[in-house]
Amino acid sequence: MPATAAVPDTVTCRGERFRLYLSEETIQTRIREIGEQIAADYEDVGIPILIGVLNGAFMFTADLMRAIPADSEVDFYKLSSYGEKKVSSGNVTELKDIDAKLEGRHVIVVEDIVDTGLSMKYVIDQIAARNPASLRAATLLRKPDAAKVEVEVDYVGFDIDNLFVIGYGLDYGQLARNLRAIYILDEEG
Ligand code: IMP
């Protein structure tokens, strides 16, 4: 799909139909709000470092950083993905550690989606053990009905239905990350 093409109402990915759920404008408007909120929250605290969780959060991390009208740093942590499945395996595996030293830093974990919450909890526990000065979490999406562990998230873009979503960094078997909007599995498709 060329960048200038109209955003389609439905897309097909790996033979399954998905319908438009959150438009590009809706996503970007909410990210700007969160960026302003973070700038205000950290104004008297210090320069935060965003830790994007790869691969899914690469797009949100980039847009969130640009939406914060103040200094921030960025680094990345890579966890294993769902592969070609649509449900969480329940196993979280680390594929790439964070390079930055986090001791004494103001860390914000940036996730694409909190589904079961296992990944977010894993990342928070790993980072907490490195003695940051403060630790908060941001996620673009959260599925409250899928939670298996309780995890506190300070900045939530959207609470969504408990259905598989793709686009804006989120994949289905590595595809669909390029979509500018978020699409949800069309159960009737
Ligand atoms: P959790 O550990 O179950 O909370 O899931 C975390 C990771 O699974 C996310 O960072 C995503 O990469 C992936 N994931 C969860 N739900 C979805 C979805 O609906 N679509 C695509 N990826 C998802």
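Glutamine 174 sits in the loop between strand 9 and strand 10; helices (H or I, at least four residues) and strands (E, at least two) are DSSP runs, numbered from the N terminus. This is a predicted model, in which local features need pLDDT of at least 70 and side-chain atom pairs count only at pLDDT 80 or more, while totals for chains, interfaces and linings use all residues. Residues are numbered from 1 along each chain as its sequence is written, and side-chain values use heavy atoms, with hydrogens and water left out.

Most residues other than glycine have a negative phi, and most peptide bonds are trans. Glutamine 174, however, has a positive phi, near 75 degrees. With 44% relative accessibility, glutamine 174 is partly exposed, where buried means under 20% relative accessible area, exposed over 50%, and partly exposed in between (1.4 Å probe, protein chains only). Tyrosine 168, in the loop between strand 9 and strand 10 (182–185), also has a positive phi, about 50 degrees. Tyrosine 168 counts as buried because its relative accessibility is 3%. The peptide bond from leucine 54 to asparagine 55 is cis, with omega near 0 degrees; asparagine 55 belongs to the loop between strand 3 (48–54) and helix 2 (58–67).

## Aromatic pairs

Rings of Phe, Tyr and Trp (its six-membered ring) pair if their centres lie within 6.5 Å; planes under 30 degrees apart count as stacked, over 60 as edge-to-face and the rest as tilted. The count is three aromatic pairs. Phenylalanine 18 and phenylalanine 164 have ring centres 6.4 Å apart and planes at 55 degrees, so this pair is tilted. Phenylalanine 18 is in strand 2 (residues 16–22) and phenylalanine 164 in the loop between strand 8 (155–159) and strand 9 (165–166), 146 residues apart. Both are buried.

For phenylalanine 164 and tyrosine 172, the centres are 5.4 Å apart and the planes at 70 degrees, so the pair is edge-to-face. Ring pairs join Phe18, Phe164 and Tyr172 into a cluster.

## Ligand site

The ligand is surrounded by 16 residues, the closest being Asp112, Thr116, Ser119, Lys143 and Val165; a residue is near if one of its heavy atoms lies within 4 Å. Strand 6 (106–114) and helix 3 (118–128) each supply at least two residues of this shell, and strand 6 gives the largest share, four residues.

Oxygen atoms of the ligand lie 2.6 Å from a side-chain N or O atom of serine 119, and 2.8 Å from one of lysine 143. The protein buries 92% of the 490 Å² that the ligand exposes when taken alone, with areas from the Shrake-Rupley method and a 1.4 Å probe.

Methods. A polar contact is a pair of N or O atoms within 3.5 Å; within protein, one must be able to donate a hydrogen and the other to accept it, and residues adjacent in sequence count only if both atoms are side-chain atoms.
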